Amino acid sequence: MFGISFLSPLFLIGALAAAVPILLHLFHRKTDVVIDFPAVSLLTRAPVPHRRRRQLRELILLALRIAALVLLAVSFARPYLAGAAAPASAPVTVVVLDTSMSLSAPGQFARAQQAAWQAVASAPAADAVALITFSDAATVVVPPTSDRNAVRSAVSAATAGAGGTRYRTALASASEVIGVRAGRVVIITDLQQAGWEANDAGGLLDGVAVRVVAVAGPTGNLAVTSAMRRDRSVMATVQNYGPDEARSLVTLMVDGQQAEQATATMAPFSASGVELRGTFGDAGAAQVVIEDTNGYQPDNVRFLALDPSPAVAITAVVADPTGAVGGIYVERALAVAGGGGEFVVTVVDGRVLSKWTASELSRQAAVVILGTRTLDRHGRELLKTYLVGGGQVLLTLGPDVDPGTLTDVIGIDAGVMPAPVRSTDATLVATDSRHPIFRPFLLPSGALGDVQVDQHRRLRDQAGRVVLARLSGGDAALTEQAVGQGRLLVFTSDFDNQWSRFPLQPSFVPFAVETARYLTRGRQQRRDFTLPDVPAGVPAAPGTVSSGEGVTARRVVVNVDVRESSLSATSVDEFTNNITRTNRAGDRAVVDGARVAEERQRWWQVGLLMMLVALVGEALVGRRAA
Amino acid sequence: MAGEARYLDPAIVARLATIDLKARTIVEGFLTGLHRSPYKGFSVEFAEYRQYLPGDDLATLDWKVYARSDRHFVKKHEEDTNLTCHLLLDVSGSMGYGSGPITKLQYGSYLAGALAYLMNRQRDAFGLIAFDNRIVSLVPASARTGHLRAVLLALERLKIGAGTNVAKPLRDLAAAVRKRGLVVLVSDLLDEPQSVLDGLKHFRYRGTDVVVFHVIDPYELTFPFEQSARFRDIETAQEVMAVPSAVRQDYVERMQARIAHYKRELGLAGIDYCLLDTSQPLELGLMAYLMTRRRVL
């Protein structure tokens with residue numbers, strides 16, 4: 001529902017000028033006297049307008065004059081349509097009702113509704129009342145209105161969902177509803193501690209009063225915080241958030257059928273792992289269910305898909321596959337990732353790749369270039385287009401790579417010195433061990449120290465290139481840089497056990513896997529989602545749904561954010577102190593928004609046009625009356 | 001207006017106390033002014049002496065003065081008659097209208113009183129009939145001493161009546177007046193013109209002379225109103241919404257046409273017609289009367 005607001009409401013005072021024609025009209029009516037006259041029989045009626053017609057004409061004239069003056073005043077006041085039904089100047093009481101999962105304990109939301117009804121009833125009589133419900137997102141359910149029954153009805157219709165708590169989002173929405181008016185906010189919530197998301201933005205203007213109505217939570221809560229398939233069983237974790245020891249039946253449901261049941265006992269504030277063995281196939285939709293009659297309800301179920309993860313396609317380009325060694329170490333290393341199904345590696349030489357189309361290559365999540373000597377011009381162009389267009393490429397600089405044509409392959413001059421450098425027994429050293437590629441090597445420490453590199457190619461320093469690892473001699477071993485929209489990793493030795501014995505080291509497999517994962521991050525088809533982050537087309541509610549069509553079809557599961565399961569709550573004072581306050585200078589944004597809206601709508605021009613029409617009409621009617 | 005003549009102004013006369021005083025003031029003022037007018041010799045009463053001039057009627061020469069002073073003086077005197085005069089005064093509602101200090105009825109009353117006073121001085125018998133749509137007051141004609149007072153008292157007591165119906169009283173009076181004489185009608189004639197004319201012609205058929213004083217208010221002649229208003233007829237309460245500027249010309253033309261109609265039709269019937277605007281001096285009325293009387297005698 002939209003309401004009219006004014007950019008310069010003081011000009012509306014000018015509408016009082018409409019009283020002038022009214023007074024003149026009344027004065028004119030007063031002088032319309034009766035005159036006693038003896039020779040009335042000699043007065044002709046012909047040129048005298050009929051009294052009623054004349055009165056109607058005078059009323060039309062009056063209306064036109066008033067309309068012209070009012071339209072003039074309204075036009076100068078710069079009207080625009082704003083998103084509020086109540087007058088923009090009226091003070092407003094915004095009732096902000098928490099509908100997150102932490103209000104879903106039995107009877108808890110009913111108490112919250114009761115508090116909301118009381119907040120509506122106790123709002124000052126002159127105030128408009130608005131209702132906002134919030135969990136992960138805030139929704140203006142009822143814009144500012146004087147119809148309090150509508151607000152009460154909306155409160156009755158509200159329910160607690162499975163979403164998390166985002167206080168700043170709710171406050172930002174309340175601030176937007178209040179705008180530049182006087183206002184107060186009544187927040188009805190359980191004071192969930194996890195509701196103050198650090199990345200959120202939003203607060204209230206100075207002077208906006210806040211009243212926090214705390215709705216007490218349950219004394220305890222059990223939640224299934226994780227569930228994952230491990231071969232022929234499902235491992236579930238049940239967390240006890242309460243101060244008392246708890247026991248619960250844990251049931252595994254597969255495709256709607258009970259597959260297994262176990263009993264879990266959880267110490268106070270502790271979690272317990274439960275292994276659920278059962279007979280189930282390679283695919284299916286499962287859920288782990290616990291019994292918790294006192295706590296929050298949505299976290300009593302955890303959904304999981306039993307389907308194997310779809311493999312990520314990676315192509316390894318070698319100089320000559322007939323040599324039987326090109327790419328074999330990479331292929332074998334990636335074959336074990338994710339239990340053997342995470343990656344599918346295709347090894348091709350340059351001649352085969354040259355027959356591919358750009359579309360075929362674009363379906364590869366990453367390309368590992370181990371040799372370029374058999375690449376023809378088309379093959380080089382394909383790889384360059386792939387990389388610049390957003391592809392992920394790992395380039396090794398072993399003996400099968402021709403430095404002379406490398407610029408044609410990757411589209412840039414990588415600064416590769418053609419002559420190999422002999423580096424006896426050089427080892428790898430990560431420059432930043434927190435990098436995702438080197439994260440597995442944090443423990444045990446020094447695993448990369450076993451890597452032995454005999455030869456490598458030296459790289460000239462280049463801007464925009466990041467060295468991720470160096471050889472013990474100081475030369476770059478692994479670098480990362482952006483090329484167009486793509487990403488290029490360069491390993492300065494080889495992966496084929498010619499210049500380096502790295503492929504024979506135990507650290508090669510995790511290195512290759514993590515490098516592949518790093519390159520293909522975001523290209524994997526994710527299956528597990530946590531509210532509220534769900535992909536397009538998937539409902540923002542816990543459950544298992546099918547997404548995509550054809551070859552991209554997959555089963556995805558959506559679960560609640562278990563941070564919401566915690567019973568930890570802030571105090572009212574802490575809550576109030578956490579509210580970010582902006583001074584009235586922040587009104588500037590509101591005013592600017594109003595100005596932009598007004599300039600876009602330009603109702604003042606319509607008002608002036610209507611005023612001109614009214615004046616023309618007045619002139620025509622007035623002339624006829626004269 | 002200066003000297004005695006200012007007393008002929010109807011507004012001045014209205015301030016005088018009684019109708020008796022008003023009538024005397026009007027007539028004396030009129031007669032004083034008449035010294036300088038060519039209308040001397042109408043009365044039998046002595047008026048004045050003046051030096052004989054060649055051409056004067058020798059019969060008017062006062063020989064006694066000549067014997068005493070050896071100078072020729074002509075004796076001017078008022079004329080003596082036995083005329084019976086009936087004063088008909090319209091007291092209908094429309095006569096109550098007055099845009100200025102006096103109404104048409106007041107003006108007519110002063111005129112009737114002055115005429116009565118003048119008739120009394122000339123020894124004429126006179127009577128008064130006041131009417132609206134009927135006769136509301138009747139003082140029979142007489143030349144007795146003290147009759148003037150009765151007529152003036154009757155004039156003093158007159159009140160505004162109902163609607164005008166000139167024709168009916170005129171017919172009644174025409175039947176009642178048997179003796180040849182003079183009928184003086186003072187009215188605003190706001191009746192059906194043909195009815196009025198028919199009524200007056202009855203007198204003429206019986207040989208009675210008639211003089212009509214058409215008393216009219218200046219606003220009735222010019223319709224000078226400016227603002228739009230509802231005009232309500234004083235007698236019938238009929239209302240007409242009018243914008244004066246739009247209807248003025250038509251109204252004035254209609255009024256002038258009616259006056260012209262009366263003047264023409266009454267002239268054809270041998271009836272004297274005198275239009276009197278209530279802002280005009282009353283001497284015009286007296287003068288008209290004297291002219292008619294002269295013609296009658």
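Author: Two residues are in contact if their C-beta atoms, placed from the backbone, lie within 7 Å. The model discussed here is predicted.

Reader: How many residues does the contact take from chain A, and how many from chain B?

Author: Both chains contribute to the contact. The counts are 18 residues from chain A and 25 residues from chain B.

Reader: Which element gives the largest share of the side of chain A that touches chain B?

Author: By class, that side of chain A has 11 nonpolar, 3 polar and 4 charged residues. The largest share is 4 residues. They come from a strand covering residues 34-37 of chain A. That strand is β2(A).

Reader: Which strand of chain B pairs with β2(A), and in what sense?

Author: Take two bridge partners first. A:Val34 stands opposite B:Arg230. A:Asp36 has B:Arg232 as its bridge partner. There are 4 bridges in this pairing, its sense is parallel, and the partner strand, residues 229-233 of chain B, is β8(B).

Reader: Which strands stand at the edges of the open sheet, and why is one side of each left without a neighbour?

Author: The sheet has 3 strands, ordered β2(A)-β8(B)-β9(B), with mixed pairing. Each edge strand has a single partner strand, so one side of each lacks a neighbour in the sheet. From one strand to the next, the twist averages 30°. The edge strands are β2 of chain A and β9 (239-242) of chain B.

Reader: What holds paired strands of a sheet together in general?

Author: Strands can pair either parallel or antiparallel. In both cases, they pair through backbone hydrogen bonds.

Reader: How are α6(A) and α11(A) oriented to each other?

Author: Helix α6 spans residues 328-335 of chain A, and helix α11 spans residues 508-519 of chain A. Their axes come within 9 Å and cross at roughly 80°. Angles of 65 to 115 degrees count as roughly perpendicular. The two helices, α6(A) and α11(A), are therefore roughly perpendicular.

Reader: Which classes of residue make up the contact of α6(A) with α11(A)?

Author: From α6(A) come A:Tyr329, A:Val330, A:Ala333 and A:Leu334. From α11(A) come A:Phe508, A:Val509, A:Ala512, A:Val513 and A:Ala516. No polar and no charged residues take part; the contact has 9 nonpolar.

Reader: How are α7(B) and α9(B) oriented to each other?

Author: Helix α7 covers residues 193-205 of chain B, and helix α9 covers residues 244-268 of chain B. Their axes are 11 Å apart, at an angle of about 25°. Angles under 35 degrees count as roughly parallel. The helices α7(B) and α9(B) are therefore roughly parallel.

Reader: Is the crossing of α7(B) and α9(B) left-handed or right-handed?

Author: A crossing is right-handed if the near helix is turned clockwise from the far one by less than a right angle. The crossing of α7(B) and α9(B) is right-handed.

Reader: How do the residues of the contact of α7(B) with α9(B) divide?

Author: The α7(B) residues are B:Pro193, B:Leu197 and B:Leu200. The α9(B) residues are B:Arg258, B:His261, B:Tyr262, B:Glu265 and B:Leu266. They divide into 5 nonpolar, 1 polar and 2 charged.

Reader: What percentage of the residues in chain B is buried?

Author: Chain B has 10 helices and 10 strands. A residue is buried if 20 or more other C-beta atoms lie within 10 Å of its own. Of the 297 residues in chain B, the buried part is 42%.

Reader: What percentage of the residues of chain A counts as buried?

Author: Chain A has 14 helices and 30 strands. For its 626 residues, the buried part is 41%.

Methods. Residues numbered from 1 in each chain as written. Chains lettered and ligands numbered in written order. Predicted model: local features only at pLDDT ≥ 70, side-chain atom pairs only at ≥ 80, totals over all residues. Nonpolar A, V, L, I, M, F, W, Y, C, P; charged D, E, K, R; others polar. Pairing = 2+ DSSP bridges. Buried ≥ 20, exposed ≤ 12 C-beta atoms within 10 Å, placed from the backbone. Axes fitted to C-alpha atoms, helices over the stretch in contact; angles between N-to-C directions. Parallel < 35°, antiparallel > 145°, perpendicular 65-115°, else oblique.
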